[in-house]
Amino acid sequence: MTVQSHPIQRHVAVVGGGIMGAMTAHSLLESGARVTLYDPLPLTNSVNSSNDTGRSFRVHYGEDLEMMNMALESRAMWRKMQADAGLDPEGSPWFHPCGKLLLADAGDIYAQACGNAMRGHGLLARDFSAEQATERYGFQANSAVLDPYGGVLSPDRILLHLAASLTARGLIRRGRAEAVDGRWVQDDGGRKSYDAVVVTAGVWAKQLLAPNTPPIDTTRQQLVYFDAASALGRDISHLPVFSHMESGFYGIPTRHDGFLKIANHHPGPAGHPDGDDRAVDLAFINAARKFLARYHPALAGAQVKRTHVCFYTGTRDRDFILERTESGVILGTGFSGHGFKFAPLIGRTLAELALDRPPSISIERFASSRPSLYGSPAVLAV
Ligand SMILES: Cc1cc2nc3c(=O)[nH]c(=O)nc-3n(C[C@H](O)[C@H](O)[C@H](O)COP(=O)(O)OP(=O)(O)OC[C@H]3O[C@@H](n4cnc5c(N)ncnc54)[C@H](O)[C@@H]3O)c2cc1C
């Protein structure tokens, strides 16, 4: 008589249910694992760093080919997830491929360098003269470079979908984790054992894993949402995501509500989501308006409809931390204000580590032992 062998179903704990935890849970469930997600908050909330109406997607990453490849793969994964969810690709509900425009002043070499690196990598990038940028989009810049693979991701819609689909696939939910190790999680119900433990607790990973975490700066970032559609007197689907390297300002148009989010990529003052209030100061609103007056005058008078404060989990070199720690915990944090776009790829990678499979991307550069994590803060590119 032959003995039928059944694969043993692994039970993995994921601690932290922002986009990275949700996408890790998604990948694990797809691989047939049992998953318990710890988070005191529902997937859609206004406290963590993942929820918003729009996040920028771009493929240009200066001359960093590895990140460009990761962005391209993530782009394909977002689009596939959107199609798998049965959503209308023409309606672009999760990913609106409106492009990402780099605005350049005279003598600004960053935009051109990004365009050249993309072309050198066999990708498309389009140069705009000052006149073309004005005629096509209304921008007033010396020149501009379009990353045509860029666009707007809709975190609120993505997380709403994930909340329903993960539940339907049997996700087990628990609240706040008090302590973790490579094989267990402790909460107010006691200590539970797992085959693997993934920590995707954003800025809170530091507290949960202390004292064994590298330096991560938590900075307070202000966001202002302008009523762009009313100011322009038309829908804003023609507008790309845009950024200006030197000032750090960037804009994300969300066509479903007609708003344009203006924020600044330069890390703000130190803060923490548990303590700081979410009020945006008038000086920042005025600076955002001044930026619009200079680079897109037709939007300078747009009404402010909403403001928000969100927190970057910033590493010194602005790269992520993805690794199995000495205690055996699988850690994903330090997404430094640019991680959302990679969430499907990061979720898949953390799931692979949890299932003891070789990760399908190289994670060496994301190890917490790298020296650049302990040096001076690098400039954040947009
Ligand atoms: C203002 C701003 C703008 C950004 N813009 C972009 C952009 O345009 N493009 C882009 O690609 N990326 C962008 N990012 C980055 C991206 O959004 C974040 O890197 C990403 O959302 C971080 O996700 P996360 O899951 O790691 O963390 P979070 O979303 O912060 O989730 C962490 C979760 O852990 C939970 N948690 C904490 N402690 C515990 C505990 N003890 N037990 C259980 N659960 C716990 C929290 O409740 C929380 O839900 C931006 C970030 C910010 C803040």
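Tutor: Let's start with one pair in this predicted model: Ala 104 stands opposite Ser 143 in strand 7.

Student: What makes strand 5 and strand 7 a pair?

Tutor: Two strands pair if there are at least two bridges between them. Five bridges join strand 5 (residues 100-104) to strand 7 (residues 143-147), so they pass that cut-off. They run antiparallel.

Student: How do you know that strand 5 also pairs with strand 15?

Tutor: By the bridges again: strand 5 and strand 15 (residues 241-244) share four, in the parallel sense, and the cut-off is at least two. Here Leu 103 stands opposite His 244.

Student: Which way do the residues of strand 5 point?

Tutor: Lys 100, Leu 102 and Ala 104 point one way, while Leu 101 and Leu 103 point the other way. In a regular strand the side chains alternate between the two faces of the sheet.

Student: How do you know that the radius of gyration of the protein agrees with that of a compact globule?

Tutor: With 382 residues, a compact globule would have a value near 21 Å; the protein has 21 Å, so the two agree.

Note on methods
Residues numbered from 1 in each chain as written. Predicted model: local features only at pLDDT ≥ 70, side-chain atom pairs only at ≥ 80, totals over all residues. Rg over C-alpha atoms; globule rule 2.2 N^0.38 Å. Buried ≥ 20, exposed ≤ 12 C-beta atoms within 10 Å, placed from the backbone. Helix = DSSP H or I, 4+ residues; strand = E, 2+ residues; numbered from the N terminus.
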